[in-house]
Amino acid sequence: MRQVQFYGAISLDGYLATAQHDLQWLFDTAGGDKANSDQFFKQVDTTIMGRKTYEVTKNTMGDELLFPDKTNYVLSRTREGQTRDATYMNQSPVDLVRHLQAQSGGNIWIVGGGQIVTDLVAEDLIDEWWIQIAPVLLGKGIRLFPEGDCMTRLNLKAVARYDQLAELYFKRNSKQV
């Protein structure tokens, strides 16, 4: 079965981005170019992200295609259809993940966080986590883990350092708390 994986960076106080969806704090953190992202990207063939994550990412990329060798799904309540590099979906992340897991293919990358991560964690659907932590405190912004009604225990599998980024690699614990 296809694995569902989160891969992304947060501030030390748990934010993915500022309240304005700015990621400059991350780009200013030494080590991102040394992280194992190439190795990770090779084993996924599908991405799922929210509309805001997609739009912010596309704004930083200009005319470049977003992950051109992957099938990219953007969850949105307000948009439909397809762009050059993504398909908008108006359905729950849980339903989309379950549908994709029933198909053959590579692993599924959850890009971004917030409500998508909260919904998937509540249903115990994320198998692996790669979280890079930058030594910066944002104070407020978009949290990786908004409040949710779940308790999940993970197994720490590895810790790596890429200059100023610390990467934690976790796998889902088959025996939940």
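**Salt bridges in a predicted model**

D127 is buried, with a relative accessible area of 7%. The model is predicted.

Reader: Is D127 buried or exposed, and what cut-off decides this?
Author: Buried means under 20% relative accessible area. D127 has a relative accessible area of 7%, so by that cut-off the residue is buried.

Reader: Which residue forms a salt bridge with D127, and where does that partner lie?
Author: The closest N and O atoms of the pair are 2.3 Å apart. D127 sits in the loop between helix 5 and strand 7, and its partner in strand 10 (residues 165–172), so the pair ties together parts that are 45 residues apart in sequence.

Reader: How many residues apart in sequence are the parts tied together by E55 and R79?
Author: The side chains of E55 and R79 meet in a salt bridge of 2.8 Å, N to O. E55 belongs to helix 3 (residues 51–61), while R79 is in the loop between strand 4 (71–75) and strand 5 (87–89). The parts they tie together are therefore separated in sequence by 24 residues.

Reader: Which residues do salt bridges that share partners join into one network?
Author: E55 is partly exposed at 23%, and R79 is partly exposed at 38%. Both belong to the network, whose members are R51, E55 and R79.

Reader: How many salt bridges are found in the whole structure?
Author: Among them is the bridge between R98 and E123, at 3.1 Å, N to O. A search of the whole structure gives a total of nine.

Notes. Residues are numbered from 1 along each chain as its sequence is written. This is a predicted model: local features need pLDDT of at least 70, side-chain atom pairs count only at pLDDT 80 or more; totals for chains, interfaces and linings use all residues. Side-chain values use heavy atoms; hydrogens and water are left out. A salt bridge is a side-chain nitrogen of Lys or Arg within 4 Å of a carboxyl oxygen of Asp or Glu. Helices (H or I, at least four residues) and strands (E, at least two) are DSSP runs, numbered from the N terminus. Buried means under 20% relative accessible area, exposed over 50%, partly exposed in between (1.4 Å probe, protein chains only).
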